[in-house]
Amino acid sequence: MEAHSSGLGRKRKREELNGEMKEAECFRKLPRRTLGLTEPAPFADELMAARTPYVRVSMKEARRGTPEDRPVRVYADGIFDMFHSGHARALMQAKCLFPNTHLIVGVCSDDLTYKFKGFTVMNEDERYDAVSHCRYVDEVVRNAPWTLTPEFLAEHRIDFVAHDDIPYISAGSDDVYKHIKEAGMFAPTQRTEGISTSDIITRIVRDYDVYVRRNLQRGYTAKELNVSFINVSALDYTLHLFTKQLKGNIALVYLSIGFYALPPSFCQEKKYHLQEHVDKVKQKVRDVEEKSKEFVQKVEEKGIDLIQKWEEKSREFIGNFLQMFGPDGALVSLAAALPYIFSTDVSIQKLIVHPKVKVLSSFARLL
């Protein structure tokens, strides 16, 4: 655990002091090294038996550190069905309990698991193999016992047993690790929240139809998925698909496939293919709705532009109208200027500079 947590110290730690950021002590970077793990962990029944006498180490000695040729032998057991990151983290914690640890992992058989816990997704051989390929495991015990006996602990020369400290109620016991705790051999680990085999199975069961369609698409048959014939007298299958009325009341898409009673021999495989087709129709409807929204938005933008241009032209037209026909407009000025223009006693020079004639020129330009 120390090596793992020290990796977090690779970033420089800073602390705020008197409004300034001051560099704290930097952790030394870990050297690069290759562990060289090229083979899975061996099975305990395939290893040679040790000839040296079995003498347990104390917790104090284990924490202080043991000689390289005498690692602390830590045992962790479980079902390890659908091996996931929660399992790996628990084994990592067990491996890192002491400076020098040899981690032994016991995996229960199918028969024992079915008897005390229930059915598994993976069979025992698959679970043995999955655990043996975890990087933290040094040795795997196949067909591990449900309750640890003194004989089993001595046979495998176990110093400590690692498990989370929540009482494990099973096999008629309030806690199957109670006697291990009383003997001072228990080393607690922490569970990883949010991930467990039961959680994964729950996800699959909850989204059953989705995963059936997924595997049908990938070439699995209905027989392989155990979704052959429906054992009911009839199947009422109703599908209603609506889209929201589009903005501007341009279109309303409505699709209804209603109340078709299917015969008893209707295959679930066809049902899932039909559902897949419906999903595609839904997607097409969503695409049409999105394109319609874009069209409405463009129409709105063009409409606003047209309204603005119309307002500008209207103001221009009204201004020109008032300039011509208003109280001080060119038409009134023209009517006032005409008698003066046609009078015979006015010279050409006076006529040109006369203000009423100037107004008449302006009127002519408007025309």
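The following dialogue explains how to read several features of this predicted model.

Student: Which conventions apply to the numbering and to the side-chain values?

Tutor: Residues are numbered from 1 along each chain as its sequence is written, and side-chain values use heavy atoms, with hydrogens and water left out. As this is a predicted model, local features need pLDDT of at least 70 and side-chain atom pairs count only at pLDDT 80 or more, while totals for chains, interfaces and linings use all residues.

Student: What is the mean pLDDT of the chain?

Tutor: The pLDDT is the predictor's confidence in each residue, from 0 to 100. Where pLDDT is low, the predicted coordinates should not be read in detail. Here the chain has a mean of 75, and 66% of its residues reach 70 or more.

Student: What is the strand order of the open sheet of five strands?

Tutor: Strands of a sheet pair through backbone hydrogen bonds, either parallel or antiparallel. Two strands are taken to pair if DSSP finds at least two bridges between them. In this sheet the order is S5-S4-S3-S6-S7, with parallel pairing. S5 and strand S7 (186-189) are the edge strands, each pairing on one side only. Neighbouring strands are turned by 30 degrees against each other on average, direction ignored. Strand S6 (residues 160-164) pairs with S7 in the parallel sense over four bridges, and His163 stands opposite Pro188 in S7.

Student: Which strands does helix H3 lie across, and which does H5?

Tutor: Axes are lines fitted to C-alpha atoms, for helices over the stretch in contact, and angles run from 0 to 180 degrees between N-to-C directions. Helix H3 (residues 85-95) lies across strand S3 (72-78), strand S4 (101-107), S6 and S7, and runs at about 145 degrees to S4. H5 lies across S4 and S5, at about 165 degrees to S4.

Student: How many salt bridges are there?

Tutor: Side chains of opposite charge can pair when their charged atoms come close. A salt bridge is a side-chain nitrogen of Lys or Arg within 4 Å of a carboxyl oxygen of Asp or Glu. By this rule the count is eleven. One of them joins Arg142 and Glu46, at 3.5 Å from N to O. That pair links distant parts of the chain, 96 residues apart: Arg142 is in strand S5 (residues 139-142), and Glu46 is in the loop between strand S2 (20-23) and helix H2 (59-64). Asp45, Glu46 and Arg142 are linked in a network of salt bridges.

Conventions: Helices (H or I, at least four residues) and strands (E, at least two) are DSSP runs, numbered from the N terminus. Contact means heavy atoms within 4.5 Å.
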